Amino acid sequence: MDASGVNPRLLALIEEEKRKVIANEIIAKLTDTCWDKCITGSIGSSFSNSEVSCLSNCAARFAELKMHIMQQFQKR
């Protein structure tokens, strides 16, 4: 145990769980954002070519933006 009496392994586990929660929140936001932007027709058995392209581009841009934001925070 460290000086505060908390097990370091427990702290590491808590931090890992926090990272998982953040990742899940990002994925949920990505899904909501891209779905609302790209899916314009009625829901059927498959997406149109334009919907597939839009979803792919939206996800890529979303990921790039998140990486850029994270890099800016790390610089501070």
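Okay, let's start with the sulfurs: Cys-38 and Cys-54 form a disulfide, with their sulfur atoms 2.0 Å apart. The cut-off for calling a disulfide here is a pair of cysteine sulfur atoms within 2.5 Å. The torsion about that S-S bond is about -70 degrees, so the Cys-38 and Cys-54 link is left-handed. Cys-38 sits in helix H1 and Cys-54 in helix H2, so this pair ties together parts that are 16 residues apart in sequence. Helices, by the way, are DSSP runs of H or I with at least four residues, numbered from the N terminus.

Quick housekeeping before I go on. This is a predicted model, where local features need pLDDT of at least 70 and side-chain atom pairs count only at pLDDT 80 or more, while totals for chains, interfaces and linings use all residues. Residues are numbered from 1 along each chain as its sequence is written, and side-chain values use heavy atoms, with hydrogens and water left out.

Back to the cysteines. How many disulfides does the rule give? The count comes to two. The other one joins Cys-34 and Cys-58, sulfurs 2.0 Å apart, and at -85 degrees about the S-S bond it's left-handed. Cys-34 is in H1 and Cys-58 in H2, so here the parts tied together are 24 residues apart in sequence. Number the bonded cysteines in sequence order and you get the pairing 1-4, 2-3.

Buried or exposed, then, for Cys-38? Cys-38 counts as buried because its relative accessibility is 4%; the cut-offs, with a 1.4 Å probe and protein chains only, are under 20% for buried, over 50% for exposed, and partly exposed in between. Cys-34 and Cys-58 are buried too.

Now H1 itself. The helix covers residues 8-38, which is 31 residues, and spans 45 Å from first C-alpha to last, close to the 45 Å expected at 1.5 Å a residue. That expected span is 1.5 Å times one less than the number of residues. At the start of H1, a side-chain oxygen of Asn-7 comes to within 2.8 Å of the backbone nitrogen of Arg-9.

Leu-13 is also in H1, and Leu-13 is exposed, at 54% relative accessible area.

Last stop, H2, residues 49-75, where we find Glu-64. Glu-64 counts as exposed because its relative accessibility is 55%. Between Glu-64 and Glu-17 there are 47 residues in sequence and 23 Å in space, C-alpha to C-alpha.

That's my tour, happy to take questions.

Key:
Helices (H or I, at least four residues) and strands (E, at least two) are DSSP runs, numbered from the N terminus. A polar contact is a pair of N or O atoms within 3.5 Å; within protein, one must be able to donate a hydrogen and the other to accept it, and residues adjacent in sequence count only if both atoms are side-chain atoms.
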